[in-house]
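Q: Please take a close look at the sheet in this model. I would like its strand order, the helices packed on it, and the side-chain pairs around it.

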Amino acid sequence: FFLMIRRPPRSTLFPYTTLFRSDAATLITAPRSPHRLSMVLLAWNEQESIEAAIRDCRRFGGLWLSGYEIIVVDDGSTDATASRAEAASQGDVRVIRHDRNLGMGAAMRSGYAAAHGEYIAHLPADRQVRPQSLLAFLPLVDPETTVVSTYATPPSGETRRLMSLVFRLIVQGLGGMRVNFAGTYVFHRRWLDTIDLGSLRCETFVFSFELLERLRRAGSRFAEVTIRPFMREMGQSREVAAKRIMRVLSEIVHYRVRDLIA
């Protein structure tokens, strides 16, 4: 009822009616943020979910942000992801296409470089992390602070949670990176003038840890929030393959070597 009074009709808010009570309370009471946010959607063969992901971002931006843009990075999809993203635009979506699949880190690099917003965040096009989670970030952001998230509950079961824990231990122990996050993060665009995106070599999701470590060393403060991820509703899950694990481990080792040499 309060959502209907505060905001447009219920039909435009339907995705937010299936939330935990605490999340619903946050949505009801949250003020409109004064910030302009670039939301970078990372997509690889997500034709089943990309339109819904864009609608999520549009609703969130229209209701709780002073300004926003949606950047879809199609990382070499072989399905209709790019064409559906372009068709879903209402003048608020830009689509960047990679000719082949380069990896999550490469997609982030492309999306961040194209962002025009005051602040930047990435979101998965499979909708496991949704824009309403960013409401917890917005009161904490400022030009000097990077806000990172951790998960209240794992999105893909206990096995994936344990794998994630092991990965973070490897990142910190072997890679020497002191940052920790799960989900997404929000940072001020000015940091892109301080660090060189092109100098970040990782192309898997290790890119995020490399970037956050670079921000930490450049002097950014860090704040942390807890978010609840969603289960994948459409499309195919990304199974953890031995080849992918080896690529991630290789990037961590190469990062550490470069860091020690530097």
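A: Confidence comes first, as this is a predicted model. Strand β4 (residues 119–124) has the highest mean pLDDT among the elements, 98. Helix α1 (residues 2–6) has the lowest, 34. Here pLDDT is the predictor's confidence in each residue, from 0 to 100. Helices (H or I, at least four residues) and strands (E, at least two) are DSSP runs, numbered from the N terminus. Over residues 1–18 the pLDDT is below 50. In the model this stretch still has 31 contacts beyond near neighbours in sequence, a contact being heavy atoms within 4.5 Å. The protein as a whole averages a pLDDT of 85, and 83% of the residues score at least 70.

Two notes on conventions. The model is predicted, so local features need pLDDT of at least 70 and side-chain atom pairs count only at pLDDT 80 or more, while totals for chains, interfaces and linings use all residues. Residues are numbered from 1 along each chain as its sequence is written, and side-chain values use heavy atoms, with hydrogens and water left out.

Now the sheet. Two strands pair if DSSP finds at least two bridges between them. Strands of a sheet pair through backbone hydrogen bonds, either parallel or antiparallel.

Strand β5 (residues 145–151) pairs with β7 in the parallel sense, over seven bridges. Within this pairing, V148 stands opposite E224 in β7.

H35 counts as buried, at 14% relative accessibility. Buried means under 20% relative accessible area, exposed over 50%, and partly exposed in between (1.4 Å probe, protein chains only). The side chain of H35 makes a polar contact with the side chain of E118, at 3.5 Å. A polar contact is a pair of N or O atoms within 3.5 Å; within protein, one must be able to donate a hydrogen and the other to accept it, and residues adjacent in sequence count only if both atoms are side-chain atoms. Leaving aside neighbours within four places in sequence, H35 is in contact with residues including L65, Y119, L138 and V141.

On to the charged pairs. A salt bridge is a side-chain nitrogen of Lys or Arg within 4 Å of a carboxyl oxygen of Asp or Glu. By this rule the count comes to twelve salt bridges. In one of them, the side chains of D92 and R58 meet at 2.8 Å, N to O. D92 sits in the loop between α4 and β3, and R58 in helix α3 (residues 50–64). The two are 34 residues apart, so the pair links distant parts of the chain. D92 is buried, with a relative accessible area of 13%. R58 is buried as well, at 15%.

D142 is partly exposed, at 25% relative accessible area. R221 also counts as partly exposed, at 47%.

Finally, two backbone details in the loops. Most residues other than glycine have a negative phi. In N45, phi is near 55°, a positive value. N45 is in the loop between β1 and α3, and is partly exposed at 25% relative accessible area. In R127, phi is near 70°, again positive. R127 is found in the loop between β4 and β5, and is buried at 9%.
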